[in-house]
Amino acid sequence: MLIFEKSHPGRCATAQAPANSPEPKDIPTNLLRQSALGLPEVSELEVVRHYTRLSQKNFSIDTQFYPLGSCTMKYNPRSAHKIANLPGFANRHPYALPAQSQGYLQCAFELQTILAEVTGMHAVSLTPMAGAQGEFAGVRMIKAYHDARGDTARTEMLVPDAAHGTNPASAVMCGYQVRELPTGPDGDIDLDALKAAVGPQTAGIMLTNPSTLGVFERNIKTVAEIIHQAGGLLYYDGANLNAILGKVRPGDMGFDVIHLNLHKTFATPHGGGGPGAGPVATAERLTPYLPMPRVLHEEATGYRFQTESDCPESIGQLSAFMGNAGVILRAYAYVRLLGKEGMHRVAEFATLNANYLMVKLKEAGFTLAYPTRRATHEFIVTFAPQEKKFKVNAMDVAKRLLDADFHAPTTYFPLLIPECLLIEPTETESKQILDTFAEAMVMILQEAANAPEKLRDAPQTLPRQRLDEVRAARELDLRWQPTAT
Amino acid sequence: MSKIPNELKYTASHEWLREDDGTVTIGITDNAQSLLGDLVFVDLPEVGAQLTAGGDAGVVESVKAASDIYSPVTGEVVEVNEALNDSPEQINRDPYGEGWLFRLKLSDNTELDKLLDAKAYTAQVEEGESH
């Protein structure tokens with residue numbers, strides 16, 4: 001129910017109503033509104049109840065297991081929020097002088113240093129506001145590097161067919177043509193196809209490793225050699241860094257430029273609530289092109305933001321100041337809480353949880369997309385056999401999981417695998433939660449055979465039942481309008 | 001099992017092609033529409049556009065995914081199925097009939113020999129299903 005539908009003529013939240021506000025003068029009559037404003041007329045208590053109830057209908061990481069593959073919906077520690085909200089951080093004006101911002105600048109500088117170390121890269125810029133902007137920055141740097149060398153005939157960016165849709169989009173935004181690479185039967189890049197695709201026109205390749213298929217690209221060293229020999233550069237999409245954090249470093253795999261999703265791997269708030277953060281990191285030869293500003297440290301003067309004269313070759317500024325300060329601080333608190341000793345445990349438990357759940361589901365009769373491969377931090381189940389036999393699909397499974405009080409995994413991505421569920425439990429879940437989730441999945445598998453209507457009619461326990469997605473897409477209507485009186 | 005009419009030619013990327021008098025008609029296969037699910041949006045090429053074999057010709061979008069359409073052959077677009085703009089579901093209902101996408105004037109007849117016949121395309125679909 002919309003708050004407009006709760007409206008009663010004349011009702012008002014008096015405590016919120018402006019008192020003694022002067023009548024504005026000098027507004028021409030033709031610009032004055034003739035009709036009523038059309039705001040909902042409700043009491044303060046009604047407003048409180050309405051929005052509290054709406055918030056209770058949310059599925060969220062604070063209330064439910066949220067195994068949304070490729071999104072790393074891990075718990076965001078409260079202590080990181082608390083630290084970011086300390087008055088000295090929260091009340092700092094973005095134009096405050098460096099001398100008055102040494103604490104914040106030191107945190108940002110140390111985060112740059114820690115992210116560079118844990119990824120094996122030379123330097124980090126925290127400026128990009130989200131993953132997609134990080135990708136754009138990364139590809140722009142690749143272009144800036146080739147252009148600076150007069151190497152302007154490189155027009156193609158290679159992107160595997162399993163990539164996130166943002167990869168080809170970022171390449172096109174930077175003026176490249178995208179060449180798609182096929183995946184081999186075991187989930188690795190098809191090396192023969194790669195060899196056939198590279199040439200003097202190759203600007204680079206955009207890779208996610210582990211890939212979106214939930215497997216580690218085993219030939220990454222060979223891929224890096226092939227690309228580098230052709231004069232191209234390697235871009236690392238950090239979407240799945242959680243699987244390897246503290247264990248394997250993109251820089252050691254041969255990547256030249258990477259982006260990180262702080263809202264995934266580094267436990268900052270995520271999704272529609274964001275805001276995100278997509279820092280970029282570079283190998284030494286690309287560092288001059290990093291987006292500005294970075295935070296610099298000099299013994300004599302302390303910490304300060306870079307200015308244009310520090311980095312004349314920078315691709316420029318991507319946000320008004322330097323990314324989202326609150327998000328950067330949360331990520332900083334998170335990495336300091338983990339410490340060097342704790343960092344690798346993220347990857348160990350993320351992959352242990354995924355492999356435990358994968359084996360449990362396999363033993364219960366689910367079909368794995370890559371049964372011969374070990375899972376990374378996530379894995380893919382395909383419901384194609386059940387779809388054929390019982391006429392229930394992956395979306396039905398996802399909806400039925402909501403009835404069991406679990407957020408659904410990612411469905412129908414990656415596109416290569418029909419009727420797929422991409423399941424990522426993350427390291428912050430206990431064995432008991434994984435077991436309960438597996439039980440719900442097994443129940444659904446049995447229902448698919450014995451009572452398929454329970455899947456097709458799901459969800460039954462939520463405030464809204466199955467939504468008509470087709471009609472919603474074909475007749476998009478997001479605007480509430482008052483009924484004519 | 002999806003329908004794969006014998007008289008048509010096919011691509012590995014799931015387009016079909018029918019030879020008419022001097023032009024060819026192109027659409028997506030029954031198997032493709034069933035994999036994509038309910039279509040909600042179609043982006044068609046412009047009449048007069050020059051398409052190349054294997055090059056982008058448009059986009060079909062379903063509630064699950066957006067997918068590029070590739071032109072099976074090189075040629076000039078002479079007609080597009082405007083009715084799909086309002087009712088993309090025609091592709092789901094009748095992929096080989098009312099759901100056709102566009103017509104081309106062929107540049108090079110020999111390109112037709114490079115396309116798959118119904119038997120080869122059936123084999124490809126079956127291999128995909130056994131994955």
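On a 1 Å grid over the protein atoms alone, a pocket is an open set of points with protein on both sides within 12 Å along at least five of seven lines, while a cavity is a set of points where a 1.4 Å probe fits but cannot get out; lining residues have an atom within 4 Å of a point. Grid points are joined across faces, edges and corners, and a volume is the space filled by probe spheres set on the points. The model is predicted, so to speak of local features takes pLDDT of at least 70 and side-chain atom pairs count only at pLDDT 80 or more, whereas totals for chains, interfaces and linings use all residues. Residues are numbered from 1 along each chain as its sequence is written, chains are lettered from A in the order in which they are written, and side-chain values use heavy atoms, with hydrogens and water left out.

The second largest pocket holds about 490 Å³ of space. Its lining takes in 20 residues, and A:Lys57, A:Leu402, A:Leu462, A:Pro463 and A:Arg464 sit nearest the centre. Two elements of chain A, helix H1 (44-56) and helix H13 (394-403), each give two or more residues to this lining (helices being DSSP runs of H or I, at least four residues, and strands runs of E, at least two, numbered from the N terminus). H13(A) gives the most, with four residues. By class, the pocket lining splits into eleven nonpolar, six polar and three charged residues; here Ala, Val, Leu, Ile, Met, Phe, Trp, Tyr, Cys and Pro count as nonpolar, Asp, Glu, Lys and Arg as charged, and the others, Gly among them, as polar.

The largest cavity has about 120 Å³ and a lining of 14 residues, with A:Pro160, A:Ala162, A:Leu207, A:Thr208 and A:Ser211 nearest its centre. Strand S4 (residues 202-208) of chain A is the top contributor to that lining, with three residues.

Turning to the interface, twelve residues of chain B are in contact (heavy atoms within 4.5 Å) with ten residues of chain A. The two chains bury about 920 Å² between them, 61% of it on carbon and sulfur atoms; buried area is the accessible area (1.4 Å probe) lost by two parts on being put together, summed over both. Two salt bridges (a side-chain nitrogen of Lys or Arg within 4 Å of a carboxyl oxygen of Asp or Glu) run between chain B and chain A. B:Lys64 makes one with A:Glu419, the closest N and O atoms lying 3.7 Å apart. On the side of chain B that touches chain A, strand S4 (39-43) and helix H3 (89-93) of chain B each supply at least two residues.

Over all chains, the salt bridge count is 27. Among them, A:Arg285 pairs with A:Asp256 at 2.9 Å, N to O. This pair links distant parts of the chain, 29 residues apart.
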